[in-house]
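Could you walk me through this structure, one selection at a time? I have it open in my viewer and would like to know where to click and what I will find there.

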Amino acid sequence: MAIDVTEDVDSPTGALGGGLADIDTRRIARGLGGVVAFLALWTGASLTQPSYVLPSPLAVAETFYAEAASGALFVALGNSVLHWIPGAVFGTGLGVAAGIALAWSPYLDDVSSPVVRVLRPVPPLALVGFAIAWFGINHAGAAFIIAVGAFWINFYATYGGVEGVSEDLLDVARSLGVEGDLHLVRTVVVPASLPEITTGIRTGIGRCWMLVVAAEIFGVAGIGRRILRASNNLQVDVVITYILVLSLMYLVVDVAFRALQRRALAWQ
Amino acid sequence: MAVEPRVRVDGVSKRYDGANGPVQALDHVAFDVADGEFVCIVGPSGCGKTTLFRIIAGLEPATTGHVALDGGRVDGPSTDLGLVFQEYHLFPWRTVAGNVGFGLEQAGVATAERERRVRDLLDLVGLDGFADTYPRDLSGGMKQRVALARALAVDPGLLLMDEPFGAVDAQTKTMLQDELLDIWRETGKTVLFVTHDVEEAVKLADRVVVMAKEPGRIREVVDVDIDRPRERSDDAFIATYERILDRI
């Protein structure tokens, strides 16, 4: 038997080519204009101030180059990455897992809810004492601070996503032979809440770069410590240099993750 | 010895605790569906037909009474019952082929065999060529075809459909009804089809279970003894249609 499909098919709205479609020369020109204007303002302002208050963009560029040429920049970056990666990985993994478990199981939710509410408002920075006591002044200690920050972002994003999974999809899955919690979580809950979960991960890994500074406040080497020490010495050009490194790292990781996310969510 | 019915709905009642005291959603609903039969449940909104659908599907328990499928009590959703909903409920992250093959994957059917069966099912519902399309790019009628193929994939003993064509335009609805009848003939499935549309019920069903509301109960079971394809301009069609409409 053959049936003619005469209905209209909505054409895919170019979602797959979204990355390229975003490139719009007018927007790029405006963006460049904004950057030029910002640099001009900055240069103008720096002329009226001593360099330890506000160095000129050119002075910062020179410092940036010097730090890179001496290798100091890459050493600091390498050190930060060594606790950024485990912090982000553990914080994300545990946050997503806890978010799924608590949103899925009313029992676990009831049991953990009071503890979660007490722990949630604790800023990662307030846990520096624990980081030192439990892990020491090392990558593990700094990773702990970063992981705590990533944990909560991922926990809440995942929790919200899982809570929003349609009961009807679960019914359909059950009627198609899916049995047991783990099986349902794997076949329906996780894929259905992937948009929220991946948005949480993306927000979390960005936040982890911000936490790098906090995590290094107690002396672990890296970009954060460079920024803190340079601040104490009024080396504002060095401070700005390493802020730029953080921004660049954030940008690179975010763009890469966004590309991954788009591929994983091509169905949206 | 009498042949056992495929489905037996045995004295099913359902009470809810509403804001103004208990609500009797269903009151002693009882009927049988024979193997290979096409039965429609028709009734006005609020007559409890969706509640009845959910109880038969094992998605919620009856307060009293029970539903049996091939003699075994229904106590939860299973692959014996293929569900098709008005709102499709496709898995949006899966392609058309991924949706249709979902039940086969859970059953552990090997990839090559699964692909072959998915192809056959897509052919059956007229969606060959759309295997790799995601649900967001399908029209309502096409989504419902995918949902039907997905339900048929696990070869359920009963196809249970809740207002499946309620969300598509009139032209598509007529087309889907004809296709469903073709598929029913071709697969020999037993179909239980919930609708509020009397004309649809008369067009499709061997028997129509007519429900009334407050409380939700069976008013009458009407045999539709008209040869298919049925024309709505046909005298027998009109007579049956009016007879059912009178009871609602």
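Start by selecting strand 1 (residues 7–18) and strand 2 (residues 21–33) of chain B: in this predicted model, they run antiparallel and are joined by nine bridges. Strand 1 and strand 2 of chain B form a hairpin, with two residues between them. To see a facing pair, click B:Asp17, which stands opposite B:Pro22 in strand 2 of chain B.

Next, zoom out and colour chain B by domain. Domain 1 covers 7–80 + 156–247, while domain 2 covers 91–155. Taken over C-alpha atoms, the centres of these two domains of chain B are 25 Å apart. Where they touch, domain 1 of chain B gives 12 residues and domain 2 of chain B gives 10 residues. Now select helix 5 (residues 170–187) of chain B: five residues from this helix make up the largest share of the domain 1 side. By class, that side has eight nonpolar, three polar and one charged residues.

The contact between the chains takes 30 residues from chain B and 22 residues from chain A. On the chain B side, helix 5 of chain B again gives the largest share, four residues. Colour this side of chain B by class and you will find 16 nonpolar, nine polar and five charged residues.

Notes
Residues numbered from 1 in each chain as written. Chains lettered and ligands numbered in written order. Predicted model: local features only at pLDDT ≥ 70, side-chain atom pairs only at ≥ 80, totals over all residues. Domains from an automatic or database assignment. Contact = placed C-beta atoms within 7 Å. Nonpolar A, V, L, I, M, F, W, Y, C, P; charged D, E, K, R; others polar. Pairing = 2+ DSSP bridges.
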